[in-house]
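Dear colleague,

Please find below the sequence and structure that I am handing over to you. My findings follow directly after them.

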Amino acid sequence: MEPPVHGTLPCPPMARPGSALLALIILLLGVFFLLDLVTGSVMIAPGQVLTILLGGAAERSSWDTIVLLFRLPKAITAVCAGAGLALSGLMMQTLFRNPLADPSVLGISAGAGLGVALIVLTAAGGGAGAHFIAGLGLYGKIGMVMAAGTGAGLVLALILVAARWLTGITMLLLVGVFCSFAVNAAVSILIHFSIAELVQAYITWTFGSFAATTWNDLALFVPITAVGLAGSLLLRKPLNGLLMGERYAQSMGVRIGPVRLLVIGLTALLTGTVTAFCGPVAFIGLAVPHLARMIMATADHRLLLPAVILLGALVALIADLLVQFPGTETVLPLNAVTALIGSPVVVWLLIRRRGLRQGFAGE
């Protein structure tokens, strides 16, 4: 029997301080959601935003359009994307027992990007910039989600197969890096033979953005994300068992094969959907699970799963606020901002825990 990972014994009663922390995160999430609606090139008073959300009329009719047609879909997109990516990172870190696992580091986002590239660079009929998705129509968007999910799932499955034959973090990460190289090479070939307008659209998409979605997009994005989040909450006990090794999980009655397939499927679904609509958003999947373990002081997935979902949404909203310079038309690339947020978290963990392996296994 594999030795249990220190500090990860499952099934203690959920502590009241943990519930209080979750309540605090929910409160902060509400505050930053409102701030995301208030802040932008045009500043709108919080009272006016609340009036609009409650169905009233703002002092200026243009504010209704700004909030309801642009900022509210963007904020909802940030919440769904942040929650989905953070949850994907947590599930992969648990499945691989690898603190550096996340959709971007292991090449899974690159696989989703290849699926999108196949749609955009070979089949998209037009559009440019961050809003090119709007020109694809409903079937085009469904195709993008399916293509991105398939690409993410194939890369994740390949890495999972490699994990059965390789030991150690370094070798597994090398597999992910080489997968990314191969996938990026395939994308480069597609770019080489594509027309300039679609190449520009794809490159802009790779910067990441929560602002490219409309209400019609959210009618597809939100339900798919909700299914992925709800499915993950049913895996609390199996994920706790996997933290202590597959043999121990089997002794607890966990069916390793089906659980592994479920984790792969949910991760591919969430990562592929977010990548299709928002681009390959980096660092949230890597940094947020570690941040949640540190804040909640536990590795119990009964508490970690909701904490990661809420923290992922919160971090994504903060990143979206930092993307837009208040009162100006300047908008930074989303991936640049998430990297600025995520890099210090990982570096701080390295310093505080003297290595991510210790930080992952010794919470």
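**Salt bridges**

The side chains of aspartate 36 and lysine 74 form a salt bridge, with N and O 3.5 Å apart. Aspartate 36 belongs to helix α1 (residues 16-38) and lysine 74 to helix α3, so this pair ties together parts that are 38 residues apart in sequence. Please note that the model is predicted.

Lysine 74 also meets the side chain of aspartate 320 in a salt bridge, at an N to O distance of 2.7 Å. Because aspartate 320 lies in helix α13 (residues 301-323) and lysine 74 in helix α3, the parts joined here are 246 residues apart in sequence.

The cut-off for the term is a relative accessible area under 20%.

The count of salt bridges comes to 3. One of them pairs arginine 302 with aspartate 300, whose closest N and O atoms are 2.9 Å apart. In this pair, arginine 302 is partly exposed, at 25% relative accessible area, whereas aspartate 300 counts as buried, at 7%.

**Nonpolar core**

The largest nonpolar core has 98 residues, and those that touch the most other members are Phe96, Leu106, Ile159, Phe210, Phe221, Cys278 and Ile284. Helix α3 gives the most to this core, with 17 residues.

Leaving out residues up to four places away in sequence, cysteine 278 touches Thr77, Ala81, Trp205, Gly208, Ser209, Phe210 and Phe221.

Serine 88 is also placed in helix α3. This serine counts as buried, at 0% relative accessibility. Beyond its neighbours within four places in sequence, serine 88 is in contact with Pro103, Thr267, Leu270 and Thr271.

**Nonpolar surface patch**

Which residues form the nonpolar patch on the surface? They are Leu50, Leu53, Leu54, Leu68, Leu69, Phe70 and Trp215, which together have about 710 Å² of accessible area. Two elements, α2 (46-53) and α3 (61-96), each give two or more residues to the patch. The largest share, 3 residues, comes from α3.

At 42% relative accessibility, leucine 50 counts as partly exposed.

With kind regards

Conventions
Residues are numbered from 1 along each chain as its sequence is written. This is a predicted model: local features need pLDDT of at least 70, side-chain atom pairs count only at pLDDT 80 or more; totals for chains, interfaces and linings use all residues. Side-chain values use heavy atoms; hydrogens and water are left out. Patches are made of residues with over 30% relative accessible area and no salt bridge: like charges are joined within 9 Å, nonpolar side chains (Val, Leu, Ile, Met, Phe, Trp, Tyr) within 5 Å. Accessible areas come from the Shrake-Rupley method with a 1.4 Å probe; for residues, only the protein chains shown count as cover. A salt bridge is a side-chain nitrogen of Lys or Arg within 4 Å of a carboxyl oxygen of Asp or Glu. Helices (H or I, at least four residues) and strands (E, at least two) are DSSP runs, numbered from the N terminus. Buried means under 20% relative accessible area, exposed over 50%, partly exposed in between (1.4 Å probe, protein chains only). Contact means heavy atoms within 4.5 Å. A nonpolar core is a set of buried Ala, Val, Leu, Ile, Met, Phe, Trp, Tyr and Cys residues joined through side-chain atoms within 4.5 Å.
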